[in-house]
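The sequence and the model are shown here for reference.

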Amino acid sequence: MADANAISDRIRTVTQRCYAKDRDNLTVNIVRNIVELELGLEQGTLRNEDWKERSKDGVLGEVVRTCFLFCVDSKRIAVVFSVAAGSLLAVARHTQIDLQ
């Protein structure tokens with residue numbers, strides 16, 4: 001089995017690919033299935049007790065990270081938001097972000 005870092009990295013990579021290709025149909029389960037196939041993991045590994053929340057957090061975190069940033073004032077405050085699978089994932093203000 002791949003180590004935890006390799007699995008987490010692959011979750012992020014697959015999420016980025018799926019988000020870029022078809023963000024309207026991006027789901028945590030689709031990412032889990034692809035990661036399990038690509039890493040040769042047993043089906044359902046990323047739904048077990050050890051990985052269920054961790055994989056969900058990885059997918060949602062990556063979607064939020066790669067979503068739209070809008071500079072709203074000269075202090076470089078950005079509103080970060082995304083809608084994936086029909087749900088608002090996050091609205092956050094970041095004050096230490098370089099938008100350049």
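In this predicted model, Ile 11 is in contact with Val 31, Val 35, Trp 51, Ser 55, Gly 58 and Val 59, leaving aside its neighbours within four places in sequence.

Ile 11 and Ser 55 both take part in the contact of α1 with α3. The geometry of the pair is as follows.

| Helix pair | Residue ranges | Angle | Axis separation |
|---|---|---|---|
| α1 and α3 | 4–22 and 52–66 | about 45° | 9 Å |

The two helices are therefore oblique to each other, and their crossing is right-handed. On the α1 side the contact includes Ala 4, Ser 8, Arg 12 and Tyr 19, while α3 contributes Gly 58, Val 59, Glu 62 and Val 63, among others. Sorted by class, this contact holds five nonpolar, six polar and four charged residues.

Ile 11 also belongs to the largest nonpolar core, which has 14 residues. Ile 7, Ile 11, Leu 26, Val 31, Val 35 and Leu 46 touch the most other members of that core. Two or more residues come from each of α1, α2 (28–39) and α3, and α1 gives the most, with five. In soluble globular proteins, nonpolar side chains tend to be buried together.

Conventions. Residues numbered from 1 in each chain as written. Predicted model: local features only at pLDDT ≥ 70, side-chain atom pairs only at ≥ 80, totals over all residues. Heavy atoms only, no water. Axes fitted to C-alpha atoms, helices over the stretch in contact; angles between N-to-C directions. Helix = DSSP H or I, 4+ residues; strand = E, 2+ residues; numbered from the N terminus. Parallel < 35°, antiparallel > 145°, perpendicular 65-115°, else oblique. Left-handed = near helix turned anticlockwise from the far one by under 90°. Contact = heavy atoms within 4.5 Å. Nonpolar A, V, L, I, M, F, W, Y, C, P; charged D, E, K, R; others polar. Core = buried A, V, L, I, M, F, W, Y, C linked by side-chain atoms within 4.5 Å. Buried < 20%, exposed > 50% of the residue type's maximum accessible area, 1.4 Å probe, protein only.
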